[in-house]
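Here are some notes to read with the structure open beside you.

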Amino acid sequence: MVLTFFDKAGSGVLRAMDTAGDFAVLSGRTFAAIFKRPFDGANLLRQFQAVGINSLPVVVLTSLAVSMVFAVQLAFGFKQFQAEGLASQVEGLAVMRELAPVITGLMLAGRVGSAMAAELGTMQVTEQIDALECLATDPIHYLFVPRLIASAVMLPILTAVSVYVGFWGGYLILVGVEGQSAYVYGNEFYKLLAFRDLRIALYKAFVFGMIIALVGCWKGYRTQGGAEGVGNAPTSSVVTSSLWILISDFFLTKLLLV
Amino acid sequence: MGLIDVVNLSKAFGPKVVLSGVNLSVEEGESLVVLGGSGTGKTVLLRNIMGLLTPDSGHVAVEGKIISRLSRDELFQVRQSIGMCFQMAALFDSMTVFENVAFGLRRHQKMTEGQVTARVEECLSLVGMRGTDKLKPAELSGGMKRRVGFARAIALKPKILLFDEPTTGLDPVMTDVIGKVILDLKHELGVTTITITHDLKSAFIIADRIALLFRGECIACQTPEVFRENPHPVVQQFLRGDADGPFLQDPPPPKHKEALA
């Protein structure tokens, strides 16, 4: 009984280390392949569109919804202490430091990371990745690198968009519904913020972008078992990258706020 | 030393031994057909030649270069001289036929777009697929996909062509068409070919030599005439297509056997 427990625990640890090692090796190969030739500009532009342009509507809508809900909660909370004026300051702080990068990261993990896992997974089970190898093309260079660059570049841009939308989400509630002065809201939103906060938000988005692309590509590349495997890859990709976004958010916040 | 040398090649997946000490040599310009039942390691053999799998023991050498010992860049150099035609074509489904065939040219050749177009049209003509360049793989039949796969494989003017079960799942007419396309490619391009097939009719037309894999070993590798007369019971059972005999590792249950008789 005890031996069985240790046996299972040991094999679980070995499996986890094997998985982590595999991810680390593939990630390392991806970074090493960034500057390799040939440079495929058309492929990169397609990824910029898929990751960035096509994600705009979902980022705008979720950022608007979350910032509005947050403004409602803040207005209600601060009203208890007759401190309604603080709501716009805290709204600005929350949107810039946490809501914009994390919500954008999580939405793109669902929209883009899952699509990468499904696309590469299908390519894997239909031998298209083997066909790339046979055409003397490194799948890491051709498939991983453009997705990594597009995600790492577009996530900060989408986060900046999310901050902008977040400002107007708060405006709609605090000015439009709660009756605060538009002029005061405009000033107060940025009162507690420094340029450093924008920089931290963009750093976080940059890391989240890399997590989404690397996890999505890795899960797709390692797909096995036909339709079932292709079905599992996006789910696993979304869960893994969401988890890592939230975990890394904590460590990045601790690290960058010091 | 041949153009392709397979030396004592062994490969197992877990406890299942797929290839066990296979030896084969293919000369330049020669056409080898590899026969064998399902799961006897024919595709694994091709994947070892392409370097998609690493042998457990033994090696594959192409033009004297041992595939498993090459660096990634050296391997990609060798692969440019080998065209691989997959069983289900493995076309890039997000690209058109033109883009599929042009893929290798655009990545590895310094050609103008006009030269790429001319070469793609030439390759599509060779496989009888001219005029399909704007179609997506989803709009093609199984036989058409295989032929586009052939066109993609020959685009870089390889010295060696590998065909992995090119006729599986096709009707008899299309099987014959594919057989003739392979024969035409062999004559017009003068390439060395290794073809894996179950279709005995096209095998005897295409082959300069025929090899038979049985339980992970190569039990015959002879000219078609000699192969046809080979007295080995497995060879004769395979040629007759009988259920009874030593060929099947997992023979049908007795009741089914009686029904077949």
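**Notes on the two chains**

1. Glu139(B) sits in the loop that links α4 and α5 of chain B.

2. A word on confidence. This is a predicted model. For chain B the mean pLDDT is 88, and 95% of the residues of chain B reach 70 or more. For the complex, the predictor reports an ipTM of 0.89 and a pTM of 0.89.

3. Chain A has nine helices and zero strands. The C-alpha trace of chain A spans about 65 × 55 × 35 Å along its principal axes. Of the 258 residues in chain A, 45% are buried. Take the contacts in chain A between residues at least 6 apart in sequence: 87% of these join residues at least 24 apart.

4. Chain B contains an open sheet of six strands, in the order β6-β7-β8-β3-β9-β10, and the pairing is mixed. Which strands stand at the edges of this sheet? They are β6 (82–85) and β10 (217–222) of chain B; each has a single partner strand, so one side of each has no neighbour in the sheet. From one strand to the next, the twist averages 15°.

5. Now the parallel part of that sheet. β6(B) and β7(B) run parallel and are joined by four bridges; Gly83(B) has Leu161(B) in β7(B) as its bridge partner. Strand β7 (residues 160–164) of chain B also runs parallel to strand β8 (residues 192–196) of chain B, with five bridges between them. There, Ile160(B) stands opposite Thr192(B) in β8(B).

6. In a regular strand the side chains alternate between the two faces of the sheet. What is found on the two faces of β6(B)? Ile82(B) and Met84(B) lie on one side, Gly83(B) and Cys85(B) on the other, and all of these are buried, so both faces are covered.

7. At the other end of the order, strand β9 (residues 209–214) of chain B pairs with β10(B) in the antiparallel sense, over five bridges. One of the paired positions is Ile210(B), whose bridge partner in β10(B) is Gln222(B). β9(B) and β10(B) form a hairpin with two residues between them. In the turn, Arg215(B) has a positive phi of about 50°.

8. Chain B has another open sheet, of four strands in the order β2-β1-β4-β5, with antiparallel pairing. Its edge strands are β2 (16–26) and β5 (65–66) of chain B, each of which pairs on one side only. Strand β1 (residues 4–13) of chain B pairs with β2(B) over seven bridges, in the antiparallel sense. Leu9(B), for example, has Val22(B) in β2(B) as its bridge partner.

9. Helix α3 (residues 97–108) of chain B has buried residues that include Val97(B), Asn100(B), Val101(B) and Phe103(B). What covers the buried residues of α3(B)? The cover includes α4 (113–126) and α5 (142–154) of chain B.

10. Where the chains meet, 15 residues of chain B are in contact with 12 residues of chain A. On the side of chain B that touches chain A, α2 (72–79) and α3 of chain B are the elements that give two or more residues. The largest share, four residues, comes from α3(B). By type, the residues of this side of chain B divide into nine nonpolar, three polar and three charged.

11. In soluble globular proteins, nonpolar side chains tend to be buried together. The largest nonpolar core here has 137 residues, and those that touch the most other members include Cys217(A), Val34(B), Val101(B) and Leu161(B). Helix α4 (residues 86–125) of chain A gives the most to this core, with 18 residues. Leaving aside residues up to four places away in sequence, Cys217(A) touches Met116(A), Leu120(A), Leu143(A), Phe144(A) and Arg147(A).

Definitions and conventions
Residues are numbered from 1 along each chain as its sequence is written. Chains are lettered from A and ligands numbered from 1 in the order in which they are written. This is a predicted model: local features need pLDDT of at least 70, side-chain atom pairs count only at pLDDT 80 or more; totals for chains, interfaces and linings use all residues. Two strands pair if DSSP finds at least two bridges between them. A residue is buried if 20 or more other C-beta atoms lie within 10 Å of its own, exposed if 12 or fewer, and partly exposed in between; C-beta atoms are placed from the backbone. Two residues are in contact if their C-beta atoms, placed from the backbone, lie within 7 Å. Ala, Val, Leu, Ile, Met, Phe, Trp, Tyr, Cys and Pro count as nonpolar, Asp, Glu, Lys and Arg as charged, and the others, Gly among them, as polar. A nonpolar core is a set of buried Ala, Val, Leu, Ile, Met, Phe, Trp, Tyr and Cys residues joined through C-beta atoms within 7 Å. Axes are lines fitted to C-alpha atoms, for helices over the stretch in contact, and angles run from 0 to 180 degrees between N-to-C directions. pLDDT is the predictor's confidence in each residue, from 0 to 100.
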